[in-house]
Every structure is written in C-alpha cells, then in structure tokens.
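Biologist: I'd like to learn how to read a structure like this one. Could we go through it feature by feature?

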Amino acid sequence: MDKVVAGPDGQLRCRWCSAAPEFLDYHDSEWGFPVVDDIRLFEKLCLESFQSGLSWRTILNKRENFRAAFAGFDYTKIAAFGDADRARLMADTGIVRNKSKIEATINNAQRMGELVEKEGSLAAFVWRFEPAPDTLAEPQTMSTSAASRALAKELKRRGWKFLGPTTIFAFMQATGLMNDHAEGCVIRDKAERARQGFARPPC
C-alpha cells in the first residue's frame, strides 16, 4: 500500500494521518520533530506506555486529561504520588485506568529523578541513542530497531517499566530521534530541516 495520501490541501502526507481528523495537526506539527525538553520527553514516554495495546487516537484524545491527572507530567510531582493519588487516578474516567500502567508511570517518575541526577537530563540521555540515518530501514516498515532495543534495554536496567522496544521505537519516531515520515510526505523535508538545525544536548 502506498504510504502517502493527499491531505485536505492536496499535498501528500503519511497515510496514517488521514485515519482521524485529529491526526493531521499532530502529524504536521509534532510527529518527527526533535524534542529536547525533559517534561515533554517524559510525557511522551508515559503516553506511549499508556498507548500499548490501544490506539494512538485514544491517547491523543485524552492527552489533556492525562496532563491534568499527572501534574503536567512534572516527574518530581508524580514521583511523590501516594495511595490517594493512585485511587484518584484509578477513578478518573478521563484517562486510561490501567493499574499496571499507572504504577509504571509513578515508578518511572522516580527513576527519572535518578537518571537526571546522574546524566544531567533525560534529553542528554535519550539523544545518545539517536540512530545514524544510514542504519534506518525504509520509513514506516519497522516497529523496532537496534537503537530502540538498546534504549529499552538500558531503561529497563535502570528500573523503568512498561517500555519495551516497540514502545521506544514509537517514542523515537514521535520525538524526532529519527525521521520516519514517508518518502513523498510534504512534512518529511520540514522535519528533516528541523533535525538538521537541532542542537543536540551535550552527552
């Protein structure tokens, strides 16, 4: 199947962004553009974890609810969540009420604090795993990679939970560690220019 489709303006885009109206802006302005802000990176890791086994549309539509429920994904606040917060989250119909994923998010916030203390920032850590472009497969033909397996393995070693190679691959696609926009997509070159002009955090 062709990986591109004409958008509302007649320009070609990744086919997946035509699956739901809310995907278009996400595809055009977020997906594949490099991210350096630790809160945004942590949010994306959490949301990709919650997406596991579900559709991204479900998560995207609930994103503002997730932000409200999880203190804007401020990991320092989430790390201090106690039993009352757990009960509140399990009762919140605006998010995905999965106990294992909620527990993993709180655990990962705690591990995030440890990582930042040791590495300086989450951004500095994850961008070490940016794959060389010549090692990547054709866009949107893979769901894992050597880089996503390596990053998932290292996070697991550090005590992070619910973040396997497939989830990490989706995270890398979304946050610009790779440009997986389809060949011919009008946003591919825009995302690549953003990647070329992006100042990688010092390792």
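This is a predicted model: local features need pLDDT of at least 70, side-chain atom pairs count only at pLDDT 80 or more; totals for chains, interfaces and linings use all residues.

Modeller: Let's start with the cysteines. The sulfur of Cys 14 has its closest cysteine sulfur in Cys 185, 3.8 Å away, which is too far for a bond. A disulfide is a pair of cysteine sulfur atoms within 2.5 Å, and a search of the whole structure finds zero of them.

Biologist: Is Cys 14 buried or exposed?

Modeller: Buried means under 20% relative accessible area, exposed means over 50%, and partly exposed is in between (1.4 Å probe, protein chains only). Cys 14 is buried, at 0%. Cys 46 is buried too, at 4%.

Biologist: Now the helices. How do helix 2 and helix 7 cross?

Modeller: Helices are DSSP runs (H or I, at least four residues), numbered from the N terminus. Axes are lines fitted to C-alpha atoms, for helices over the stretch in contact, and angles run from 0 to 180 degrees between N-to-C directions. The axes of helix 2 (residues 38–51) and helix 7 come within 10 Å and cross at roughly 150°. Angles under 35 degrees count as roughly parallel, over 145 as roughly antiparallel, 65 to 115 as roughly perpendicular and the rest as oblique. Helix 2 and helix 7 are therefore roughly antiparallel.

Biologist: Which residues make that contact?

Modeller: Contact means heavy atoms within 4.5 Å. Helix 2 contributes residues including Phe 42, Cys 46 and Phe 50, while helix 7 brings Ile 102, Asn 108 and Met 112, among others. The residues of this contact divide into seven nonpolar, four polar and two charged. In that count, Ala, Val, Leu, Ile, Met, Phe, Trp, Tyr, Cys and Pro are nonpolar, Asp, Glu, Lys and Arg are charged, and the others, Gly among them, are polar.

Biologist: What else does Asn 108 touch?

Modeller: Leaving aside neighbours within four places in sequence, Asn 108 is in contact with Phe 42, Gly 159, Trp 160, Lys 161 and Leu 163. Asn 108 is buried, at 4% relative accessible area.

Biologist: At what angle does helix 6 cross helix 7?

Modeller: The axes of helix 6 (residues 83–90) and helix 7 (residues 99–119) come within 10 Å and cross at roughly 140°. That makes helix 6 oblique to helix 7. Arg 86, Leu 89 and Met 90 in helix 6 meet Lys 99, Ile 102, Glu 103 and Ile 106 in helix 7. Those residues divide into four nonpolar, no polar and three charged.

Biologist: What should I look for in backbone angles?

Modeller: Most residues other than glycine have a negative phi. Phe 73 has a positive phi, near 60°. Phe 73 sits in the loop between helix 4 (63–69) and helix 5 (75–78), and is buried at 0%. Gln 140 also has a positive phi, about 60°. Gln 140 belongs to the loop between helix 8 (122–126) and helix 9 (146–157), and is partly exposed at 25%.

How values were computed. Residues are numbered from 1 along each chain as its sequence is written. Side-chain values use heavy atoms; hydrogens and water are left out. Helices (H or I, at least four residues) and strands (E, at least two) are DSSP runs, numbered from the N terminus.
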